[in-house]
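These are my notebook entries on one structure. I wrote down what I looked up, in the order I looked.

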Amino acid sequence: MPRLSNRQIHRNNVPASSPEQFYRASIFIPYLDKFISELDNRFINHQVTLSNFDSLFQENGHLEDFKNLSDKYIEDLQENGSSNIIFESEYKLWQRKLMQTNHKPKNALEALTLCNISIYPNIFKLLQILATLPVSSSSNERTFSNLKRIKTYLRNSISEGRLNGLAMLSINSKDKITPTEVIEELAKKKTRLPFSI
């Protein structure tokens, strides 16, 4: 239930007649709204990318979707020294091949077996990218597995700050930290000990 004080600092004073209504209005509904909006923001980009990849499987696919796809992965396709004209002509040849085949590919692996790397190098690269795209994000699972390794029976009384620091170091082990960065970060913190001469 909300407090009836005149001045409240820490939380909203949501009008409610029961504790259940107060919990629903102040915590549950805002949590669901934030969760749904974050899911939409996360997966809307994947939806556009996958619809662009769909142009590789259609006989009369949209050239504009393929251009968007090639622009997104231009760094991976630049290894072959290709230009936009080569991309378009290769895409039209790939569509012609799809029209001539009786067995249409249903997924990226079937399309990879059908695609000749010497004739369609950029299409082959895009199909490889599609075949290796992660279906879901496993970063949360990696975080929890790292946490199991860090907080063992011997480290049961570790403080929360130290546990967070060790977890961040373990998760971001690819990032290199130099001693000068550590010293600069420690220099920003205020010292509690007075230094006197």
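Before going on I noted the ground rules. The model is predicted, so local features need pLDDT of at least 70 and side-chain atom pairs count only at pLDDT 80 or more, while totals for chains, interfaces and linings use all residues. Residues are numbered from 1 along each chain as its sequence is written, and side-chain values use heavy atoms, with hydrogens and water left out.

**Entry: Asn-146, continued.** I found Asn-146 in helix α7, residues 139-150. Helices here are DSSP runs of H or I with at least four residues, strands are runs of E with at least two, and both are numbered from the N terminus. I then listed contacts, meaning heavy atoms within 4.5 Å. Not counting residues up to four places away in sequence, Asn-146 touches Ser-170 and Ile-171. I also checked Met-168: it is 22 residues from Asn-146 in sequence, and the two C-alpha atoms are 9.4 Å apart.

**Entry: the whole chain.** I counted 9 helices and 0 strands in the protein chain. Of its 197 residues, 21% are buried. For contacts between residues at least 6 apart in sequence, I noted that 46% join residues at least 24 apart.

**Entry: α4 against α6.** I looked up how helix α4 (residues 84-100) lies against helix α6 (residues 121-132). Their axes come within 8 Å and cross at roughly 80°. That makes α4 roughly perpendicular to α6. The axes are lines fitted to C-alpha atoms, for helices over the stretch in contact, and the angles run from 0 to 180 degrees between N-to-C directions. Under 35 degrees counts as roughly parallel, over 145 as roughly antiparallel, 65 to 115 as roughly perpendicular and the rest as oblique.

On the α4 side I listed Ile-86, Phe-87, Glu-90, Tyr-91 and Trp-94, and on the α6 side Pro-121, Asn-122, Ile-123 and Leu-127. By class, this contact has 7 nonpolar, 1 polar and 1 charged residues. Nonpolar covers Ala, Val, Leu, Ile, Met, Phe, Trp, Tyr, Cys and Pro; charged covers Asp, Glu, Lys and Arg; the others, Gly among them, are polar.

**Entry: the core.** A nonpolar core is a set of buried Ala, Val, Leu, Ile, Met, Phe, Trp, Tyr and Cys residues joined through side-chain atoms within 4.5 Å. The largest one has 22 residues, and those with the most contacts inside it are Phe-53, Leu-56, Trp-94, Ile-123, Leu-126 and Leu-127. I found that α2 (63-72), α4, α5 (108-114) and α6 each supply at least two of its residues. The largest share, 6 residues, comes from α6.

I followed up Ile-123. Leaving aside neighbours within four places in sequence, Ile-123 is in contact with Leu-56, Phe-66, Glu-90, Tyr-91, Trp-94 and Cys-115.

**Entry: aromatic pairs.** Rings of Phe, Tyr and Trp (its six-membered ring) pair if their centres lie within 6.5 Å; planes under 30 degrees apart count as stacked, over 60 as edge-to-face and the rest as tilted. I got 4 aromatic pairs by this rule. Tyr-31 and Phe-35 are 4 residues apart in helix α1 (residues 19-53), which means about one helical turn separates them. Tyr-31 is exposed at 53% relative accessible area, and Phe-35 is partly exposed at 42%.

Phe-66 and Tyr-91 are also a stacked pair, 4.3 Å centre to centre with 10° between the planes. This pair links distant parts of the chain, with Phe-66 in helix α2 and Tyr-91 in helix α4, 25 residues apart. I noted both Phe-66 and Tyr-91 as buried.

Conventions
Buried < 20%, exposed > 50% of the residue type's maximum accessible area, 1.4 Å probe, protein only.
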